[in-house]
Amino acid sequence: MTSKTHWENVYSTKAAYSVSWFQPHATLSMQLIRGTGIDHDAAIIDVGGGASILVDDLLAKGYTNLLVLDWSLAALDAAQSRLGSSANRVHWLEADITAAILPTNNYHVWHDRAVFHFLTSREDRRAYVDLVLQSVKSGGHVIIAAFAEDGPTQCSGLPVMRYSVPALQAEFGARFTLLHSQQELHSTPFKTTQKFNYCHFRLD
Ligand SMILES: C[S@@+](CC[C@H](N)C(=O)[O-])C[C@H]1O[C@@H](n2cnc3c(N)ncnc32)[C@H](O)[C@@H]1O
């Protein structure tokens with residue numbers, strides 16, 4: 001399990017564009033979210049969104065009902081500073097996703113890039129999946145991007161779980177129907193690459 005202190009330290013000492021997971025645009029995430037065909041006012045949560053540019057990309061495409069959740073206040077501050085006055089159009093929540101309280105049956109899209117893979121204990125993964133089941137609408141979309149089975153063994157200096165598509169599907173369970181999966185070779189700012197598996201599930 002990762003700690004809040006770790007993440008506050010990362011985001012207080014490093015520029016958002018200098019961390020290994022930085023993307024200038026969240027291209028594949030946007031492609032998958034737009035591909036769901038949800039309305040522009042549908043509720044979208046970016047779990048562990050950090051200082052990701054995804055929220056900027058969603059606002060630019062006209063999505064209006066956005067929540068960025070992260071354990072690190074420094075991460076949320078960085079995203080808000082970047083957005084300027086547009087930050088007022090987004091909901092922000094500082095919380096640990098394994099203990100967060102979210103509205104029931106609320107989200108049309110749950111998006112997580114590079115967060116679930118930090119949950120190395122079975123209890124934390126169970127708590128996470130239970131929260132998805134409780135807070136995503138039936139028929140809603142769950143998009144999870146985690147390091148692939150042959151991806152890196154660490155992220156931000158912390159140990160991670162690595163997932164094949166069937167392993168990620170098994171972790172979430174029978175109520176999650178896999179609609180699409182895709183690999184991405186992410187290029188880090190240090191000119192290395194990291195293999196991700198993106199899974200797009202429908203919650204039945
Ligand atoms: C590798 S970064 C990915 C950030 C973002 N999703 C992206 O793709 O740019 C992991 C993020 O998850 C957040 N995080 C880690 N553990 C968390 C937890 N238990 N609850 C909420 N956020 C968490 C960190 O603060 C960090 O912003």
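A quick reminder before I go on, everyone: what we are looking at is a predicted model.

So which residues line that second largest cavity? They are Ile44, Ile45, Asp46, Leu54, Val55, Leu58, Leu66, Leu67 and Val68. The volume here is about 40 Å³.

Now let's step back to the whole structure. How many cavities of 30 Å³ or more does a search of the whole structure find? It finds 2. The largest cavity has a volume of about 510 Å³. Two or more residues of its lining come from each of these elements: helix H1 (4-13), strand E1 (44-47), strand E2 (66-70) and strand E4 (107-113).

In total, 34 residues line the largest cavity, and Tyr11, Gly48, Asp70, Ala114 and Val115 lie nearest its centre. Sorted by class, that lining divides into 21 nonpolar, 9 polar and 4 charged residues.

On to the ligand. Where does the ligand sit? You'll find the ligand in the largest cavity. There are 20 residues around the ligand, and those that come nearest are Tyr11, Gly48, Asp70, Ile97 and Arg113. Please keep Tyr11 in view, as it is also among the residues nearest the centre of the largest cavity. Helix H1 and strand E2 each give at least two residues to the shell around the ligand. That shell is made up of 11 nonpolar, 6 polar and 3 charged residues.

Let's go through some contacts one at a time. With Tyr11, a polar side-chain atom lies 2.7 Å from an oxygen atom of the ligand. With Ile97, the backbone is involved: one of its N or O atoms lies 2.8 Å from a nitrogen atom of the ligand. With Arg113, we are back to a side chain, where an N or O atom is 2.7 Å from an oxygen atom of the ligand.

And how much of the ligand's accessible area does the protein cover? On its own the ligand has 590 Å² of accessible area, and the protein covers 98% of this.

Conventions: Residues numbered from 1 in each chain as written. Predicted model: local features only at pLDDT ≥ 70, side-chain atom pairs only at ≥ 80, totals over all residues. Heavy atoms only, no water. 1 Å grid on protein atoms, 1.4 Å probe; cavity = no way out; pocket = protein on both sides within 12 Å on 5 of 7 lines; lining within 4 Å. Points joined across faces, edges and corners; volume = space filled by probe spheres on them. Helix = DSSP H or I, 4+ residues; strand = E, 2+ residues; numbered from the N terminus. Nonpolar A, V, L, I, M, F, W, Y, C, P; charged D, E, K, R; others polar. Near = heavy atom within 4 Å. Polar contact = N/O pair within 3.5 Å; in protein donor to acceptor, adjacent residues only side chain to side chain. Areas by Shrake-Rupley, 256 points an atom, 1.4 Å probe, with all protein chains shown as cover. Sits in = over half its atoms within 2 Å of the grid points.
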